[in-house]
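This report covers how two chains meet in a model and how parts of one chain are arranged. The structure is shown first.

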Amino acid sequence: MNHLYKKGIYLFLCVFWSAITFAQVNPTIKSTLNGTVQDLTTNQPLPGAVVRIKGTTHSVSTDSEGKFSFRTGQSFPYVLIISFIGYEQKELTVNGSPVTIRLQETLNQLNDVVVTGYSTQERKYIAGSISSISGSTVQNQPSGGFNQLLQGKTTGVQVTSNSGVPGGGITFRVRGNNSINASVDPLYIIDGVFVNNSDPITAGLGNQAASNPLSDLNPSDIEDIQILKDANATAIYGSLGANGVIIVTTKRGTRNTKANINLNTFQGWSTAVDKFKVASGPEVALLTNESRINTAKDNGLDPSTVVLPFPDPSSQPTYDRISGLFRTARTENYELSTQGGTDKSTYYISLGYLNQESIVKPSDYTRYSGRLNYDNYLTDKLKIGTSINFTRSDRNLSGSDNNPTGVINSALFPRSYLPIYNADGTYARYGSFDNHLALIENLDSKATGWRTIGNIFGEYNILPGLKLRSSWSLDNTSEYDNSYSNTLISAGIASNGSASSSEVKTQVLTNEQVLSFVKSLGANKKHNINALIGNTINTVLNQSTTATGTGFAANSLKSVSVAATRSGSASRAETKLLSFFSKASYTYDGKYTIDGSIRADGSSKFGTNKRWGYFPSGGVAWRLSQEDFIKDLNFFNELKLRASLGLSGNQNGIGAYAAQGLWSSGANYLEQPGIAPTQLINPDLTWETTRQFNVGTDFSILKNRLSITADYYNKYTYDLLLNVPVPYRSGFASYLQNYGAVRNKGFELGINSTNIETDAFQWTTNFNISFNKNKIEKLASDISLGASGRNISILRQGYSVNSFQLYKQLYVDPQTGNAVYDDVNKDGIITSADRQIVGNALPKYTGGLTNNFTYKGFDFSFFFYFQQGNKIMNMNDFFMVHGGTQANIGFLPRQLERWQNPGDVTDIPRLTTYSANPTQNGGAANNYGGNVASLSSRYLEDGSFIRLKALTLSYSLPKDVLGRIGVSKLRIYVQGTNLLTFTKYGGLDPEVSSQSNNQNTVGYDWATVPQPKTIQVGANVTF
Amino acid sequence: MNKLYIRNAVLLAFILLSASCKKYLEEVPDNSLPTESSITDASTARAAIIGAFDRVQGYYASNYPTLGTITTDNVIFNGTLSEYLQLDQNAIPTDNVITVAAYQNIYRTINSANSVIAAVPGVADPLLTTAERNKILGEAYFIRALSYFDLGRGWGGVQLQLKPTTDLNVLKGIKRSTLDQTYDQVLADLIQAEQLLPEDATVRNRAQKSAARALRARLHLYRKQWADAETYAGQVISNTKYTLVKPYKSFFTAPFQTSESVLELAYSANDRNTYWNLWYPSSAGGQFTLKPSDALVAKLNNPAIGGSRNTLIAGSGTTVYGVLYNTTATSVDPSYLIRIAELYLIRAEARAQQNKLTEAAADLNAVRARADVPASTATTQSGLLQAIEDENGIEFAFEAHRWFDLVRTERAGAVLGITNRNYWLFPIPYSDVQSDPDVVQNPGY
């Protein structure tokens, strides 16, 4: 690796050197030009506009008063090209100094410049499907990760927060799940850096992803976000692009602008929308008695002979554990940044602090972030720059989900008549569960992350339009986790205290060279060419070291080094990726665009026979609005049709050495080293490939007041990197091979509307909706998994991923009170063959509706998010509506709806623990046990919801007031998050996915922290 | 000039890059060996047999003893994980996690043993003496015998894999054998093992001649070959290396490796066995999924039945728990595979079946005397057989015995109420039925 970098540096130096020699050429001065650039309507100066003499590379940018000057070898007259982001580019012939140039502001999104793979393009020429989101959309929100905040903001992405834990894991999909065993997460690129998105936290938290690695980026630093969705847009990222690409550009200064200083702060207070409710002590006692009597009847005994466990249920006490769990959680956020530029350089520097508590004790999240973005124009031709992000994150972790000694589990599941403390004042524990207060007071699991995302680049304009860029990037993640279980919590009782300390390091090094060519040719510049060629070298190195110790002299001693018994382990895995790519786009007359790209990728993960993959794509766009027959209609301001087709690949999510035949070490016995076979060789292992077809249209009407984007896509992913189950007699469980196929197709619609626009009042609406249909088209055999071996999730050919397989409860027999299930194979008995797919966790559609009202200095907005058609497996009900079968677990109030007397109509069967005849349909054994073992569709619920995600009212002080206090901008606001939710879901929160560590076990609600309701007040000040 | 320079530099860089491309993409792990060079010398041969023992630990640490206990009247389900509830209720779906894991891990063990048996004879390394080579091979044959025996008594006749899996083609066409064929293979391997294995006075955590003989005695018992069972059990009992230790609890008290043990797998701080976690209540840091039944607790606490074996349980009221696996602080409980007490009870049963009632009673009472229980009052053949069955249930209450004993004596219906004989065998894993055209599911699943 090192020697390659040396070669690269050598190459870079070559380029650098030639640049300096170029710069030493001294031109003869033939003319001097002074001028000013202004906004056409307001006549305000435009600082930072770029003025270039046409046909040369000589360009300057305007200063803080919009002024510029040229001393040039060109003689008058010559043509200037003036460009400024957000304004129409203008060409102007000058024949003498000074000049005043007025630019027209761009009203149409189609003219925006869009960052696409390795280049920027004007939106009107783009044939692919790309969503652009302004950074302000994700700012000043009570949440750490920008990707989480994209929920409902644009088409084609589905975002779910897995829990309400701050900084916790999220599920982010672009146009559905493409894969089964390989990764389904998109590629994130921040300022040109391919960033690592794997959760580095090792502490066991049940099956939940402990962190969202993208929350290491402070959303306030973001300028804009592009989401590349179709093959035309993503194929240039070849092997990394199949799951979509999220390109984040952070803020940079503008040349010749005075420094401004921004101060942002907000304070938030979060509470639970709803808290867990459990049956009271008397209710639990009553239900337990009833179950005992019913069981006796089922066993043919005389119920009057039964000794009731609770002769007087009403005398049972009730101990409230739930209120001890929740708190009003605080969020504090402070940010300070400065932004500006001189004639030769620009800068953006920021510092941020975020501290967020979870509404369920004791988790919290703290982030310290810093950023430096700096660019220097060494010469007219050579620019160098850097973007560096430093983040430290501190997390206080707490387990949940399927971990019986998690905080929520230990409060929710124990029976409510059992006291929290023993008579001697010590913590009481029951069954498999710990004591929740002991956990809250003693849990000590801290994860400290250090993240450095840095990039340096040089850009050299070889000739007008021809530019070479070389970029060197590092994403360094260092996660240091320390956890200590003292003797007051059950994890530490037996071992007399147990500690672990682990460090996980991930380094992603990327080097890329891109030579790009942008040129307009021919008469009237009718031919526009945008082409590039480049390569990348990418190395990902994962290393970890863990030390554990048990047996401590005192609870205050926590270091592994003082443990009586210590052990350690370490691991290392390195992968490499080499890529060569090229892309070309040609536009004729601003009407017809055709483009194509190809990328070749070689990965160290794959078999020696098929290491390289090739990913082509092509697209066409037709701007009908430039055609006379459309212009004559006088209806469309813009109308474009797009179509694209291409391939992209996937290699993420499989092991670094997945293709190799391996015997692992570490199969030790008697303190001697052992080896044993662990993996079969597959020399033919190669890329998982996604073929995607996309057609779309962008149009705007009514003077650009209403603009609409619509897309249809059909993605077919084949050669899945699939762990194909093999017969166990081979000594292996599965064999990773390219087998299987998944299809995602869908439709997306985005509407932007300016409903009312006057000088004083503005009302805008943004609506988006995305439909996706997922289907497994080919699979070797069913793969069942999830819920700690209960196999509630299933992957089956012909169905979508994330399906649930359960016994379908048809009804509870009003006469007997026993549950009757769908006997799928009609053999008269209930066996595992009668499990069927009864729903899935993927929504049919998701979307968002944002309304924004501006009146003078006031700004009022509200944002609804909705999703429809997904199911949630309510594991809390599964465990706590158990009919008496779980002696150590209490009941939820839903259990009180059980059948009691002939004639009762309910979906909760009669209480019993009878277990004979487990195959009998409508028999007592299958009510809660038997073959069904409570894997019943009665615990599967509709998870559709509409939620008022955000409601914001803000006020910006008028300029004249501000001028007097020396402030250029002051905005104060109050915001409510998750204020209203409309759902039929019976659990606490429909936005939940507890088993999120595995992409194929989505949609479980299992002792999880719900999304909080938050009220925040904040201020943004600019000096 | 400048352009030429750049072009040359780019060209040079490109050539160098493409030359090193292929090499650049070669990555090998630092914690695994390539399959083709896995067993090549004395050191890797030793490591491979150690790896095979590690695989035996893989199914004996927790899964196999669970299958032998919670399925019976000795142990009940007390947790939240439904895979244990299924076993307790003897309503075992084909994807029951415990049966699947045990089945899978046993075949993993077999693949390790097969690899040793295939590769070690060909290792040309002067450091590998004939004695050591024989020992390694003997252990591999023993481990394969044990594995197929454990498959046979749990799942019936299984597919006999006798070659290492180098690719999936070696699997083709191998159908399930009959139980007799599976047991014949076990016998063949045990004969090999007994010849090749060493025997000394101390080793109890690796296979030796006596372990092979003991397993052979058990095999003959399962096959109702009473005379052979008596002979081989007798050979082990007469070895002074083994005694019935007193008090009863000393064999499961650290540091273990008592003379009670014919074969026990050892664990250490670096190689833990956390099986205790399933037995201990959360107030002691466990999960309490496996709980001694009230009936068993009553028997253990009865001086005439349990005697000093009441040390198998602790706690009171509703929180009585099993403490056979008790190293909660260190997690080093052995897996108890063969204890000398079993050989006494094998010989007792074999003798009773051959109507040698006095000798049978003597063997039975040796075990009872060790537990401070009065001698059995049984005098008839059937009375003795019943007494031996009961004794097995108490003596090995939390080990992988009672289920397999009740199935082998065809008493599971009478004792456990499982009248449907189909459920006397565990199901072949669901995913194997899906992925293996050569396998046939056990009837009734």
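The text below treats the interface, then a sheet, then the domains.

This is a predicted model, in which local features need pLDDT of at least 70 and side-chain atom pairs count only at pLDDT 80 or more, while totals for chains, interfaces and linings use all residues. Residues are numbered from 1 along each chain as its sequence is written, and chains are lettered from A and ligands numbered from 1 in the order in which they are written.

**Interface between chains A and B**

Contact (C-beta atoms, placed from the backbone, within 7 Å) links 85 residues of chain A with 81 residues of chain B. On the side of chain A that touches chain B, at least two residues each come from helix 1 (2-23), helix 6 (490-493), strand 26 (565-588), strand 30 (662-665) and strand 31 (675-679) of chain A. Helices (H or I, at least four residues) and strands (E, at least two) are DSSP runs, numbered from the N terminus. Strand 26 of chain A gives the largest share, nine residues.

The classes used here are nonpolar (Ala, Val, Leu, Ile, Met, Phe, Trp, Tyr, Cys and Pro), charged (Asp, Glu, Lys and Arg) and polar (the others, Gly among them). The table counts them for two contact sides.

| Domain 1 of chain A, touching domain 2 of chain A | one residue | six residues | no residues |

Strand pairing also crosses between the chains; two strands pair if DSSP finds at least two bridges between them. Strand 30 of chain A runs antiparallel to strand 1 (residues 32-34) of chain B, joined by three bridges. Here A:Leu662 is opposite B:Pro34.

**A sheet in chain A**

An open, antiparallel sheet of four strands in chain A has the order 3-2-5-6. Strand 3 (59-61) and strand 6 (90-94) of chain A are its edges, each pairing on one side only. Within the sheet, four bridges connect strand 2 (residues 50-53) to the antiparallel strand 5 (residues 78-83) of chain A. A:Val51 has A:Ile82 of strand 5 as its bridge partner.

**Domains**

An automatic or database domain assignment supplies the bounds: in chain A, domain 1 (28-106) and domain 2 (148-254 + 325-651 + 658-802 + 841-874 + 945-1022). Seven residues of domain 1 of chain A are in contact with six residues of domain 2 of chain A.

Notes
Two residues are in contact if their C-beta atoms, placed from the backbone, lie within 7 Å.
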